[in-house]
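Here's a quick briefing to read with the model open beside you. Take it topic by topic and click along as you go.

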Amino acid sequence: MNLKKIVFASALALSSLAAQAAGNFTIDPTHTQVQFTYNHMGFSNITGRFDQVESEFNLDTADLTQSSVSVTIPVSSISTGVEKLDAHLLGADFFNAAQFPTATFKSTAVTAAGEGKLAVAGDLTIHGVTRPVVLDVTVNKIGDHPMAKKPAAAKKAAPAEAAP
């Protein structure tokens, strides 16, 4: 397994937001999934997830390209469904969670990429290494949440390109 592949594949698979105030949002952890998939030596494709995520969004609904996002993921919340694999991934060979307890993404630019689509560029930091990444974002819905009766937004994000 290659850490680079996990680093780029783990960058926000699905997120939902709950409004905090006009324009400022935090991620709703009960409706958020951060998933990754990697190929295990050509024999299988393994999917895992991070069960905890914190995020702040500045959402400009009049011009989405003026929006920004910051995400923090405790790497200790990793779950592959295989306890020994989780322990191995948290060790020094991969995430080294003792020394680098969080993964972060901070946007640097948001550009329109078609109807309901955005390209969100930013810096992804995992294992103390920061790399620029671009996420392809689909805006699912922005409006009042029917149950909470508050402004809400939902999006889906995936890496724009796979790591070598």
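R49 is partly exposed, at a relative accessible area of 42% (partly exposed sits between buried, under 20%, and exposed, over 50%, using a 1.4 Å probe and protein chains only). Keep in mind that this is a predicted model, where local features need pLDDT of at least 70, side-chain atom pairs count only at pLDDT 80 or more, and totals for chains, interfaces and linings use all residues. Residues are numbered from 1 along each chain as its sequence is written, and side-chain values use heavy atoms, with hydrogens and water left out.

**The chain overall**

- The protein chain has two helices and eleven strands; these are DSSP runs numbered from the N terminus, with helices being H or I of at least four residues and strands being E of at least two.
- Reading from the N terminus, the order of elements is α-β-β-β-β-β-β-β-α-β-β-β-β.
- Out of 164 residues in the protein chain, 38% count as buried.
- Among contacts in the protein chain with a separation of 6 or more, 45% come from residues 24 or more positions apart; a contact means heavy atoms within 4.5 Å.

**The sheet β3-β4-β7**

- Three strands make an open sheet, ordered β3-β4-β7, with antiparallel pairing.
- β3 and β7 are the edge strands, each with a single partner, so one side of each has no neighbour in the sheet.
- As background, strands of a sheet pair through backbone hydrogen bonds, either parallel or antiparallel.
- β3 and β4 (residues 44–50) run antiparallel and are joined by seven bridges; strands count as paired if DSSP finds at least two bridges between them.
- Across that pairing, T37 stands opposite T47 in β4.
- The β3 and β4 hairpin has three residues between the strands, and M41 there takes a positive phi near 55 degrees.
- On the β7 side, β4 and β7 pair antiparallel over two bridges.

**Around R49 and S79**

- R49 has S79 in β7 as its bridge partner.
- S79 belongs to strand β7 (residues 78–79) and is buried, with a relative accessible area of 15%.
- Leaving out residues up to four places away in sequence, S79 touches G48, R49, D51 and D86.
- R49 also forms a salt bridge with D51, with the closest N and O atoms 2.4 Å apart; the rule asks for a side-chain nitrogen of Lys or Arg within 4 Å of a carboxyl oxygen of Asp or Glu.
- That rule gives a count of one salt bridge.
- D51, like R49, is partly exposed; the relative accessible area of D51 is 45%.

**Aromatic pairs**

- The count of aromatic pairs comes to three (rings of Phe, Tyr and Trp, the last by its six-membered ring, pair if their centres lie within 6.5 Å; planes under 30 degrees apart are stacked, over 60 edge-to-face, and the rest tilted).
- One of them is F36 with Y38, a stacked pair at 6.4 Å centre to centre and 15 degrees between the planes; both residues are buried.
- Another is F50 with F95, an edge-to-face pair at 5.9 Å centre to centre and 80 degrees between the planes.
- F50 lies in strand β4 and F95 in the loop between α2 and β8 (102–112), so this pair ties together parts 45 residues apart in sequence.
- F50 counts as buried at 6% relative accessibility, and F95 counts as buried at 1%.
- Ring pairs connect F36, Y38, F50 and F95 into a cluster.

**Helix α2**

- L85, D86 and L89 are the buried residues of helix α2 (residues 83–90).
- They cover an arc of only 100 degrees around the axis, which puts them on the same side of α2; the arc is that of the directions from the helix axis to the C-beta atoms.
- E83, K84 and A87 are exposed, on the other side of α2.

**T32 in its loop**

- T32 sits in the loop between β2 (24–27) and β3 (34–40).
- T32 counts as buried, at 13% relative accessibility.
- T32 and Q52 are 20 residues apart along the chain, and their C-alpha atoms are separated by 8.7 Å.
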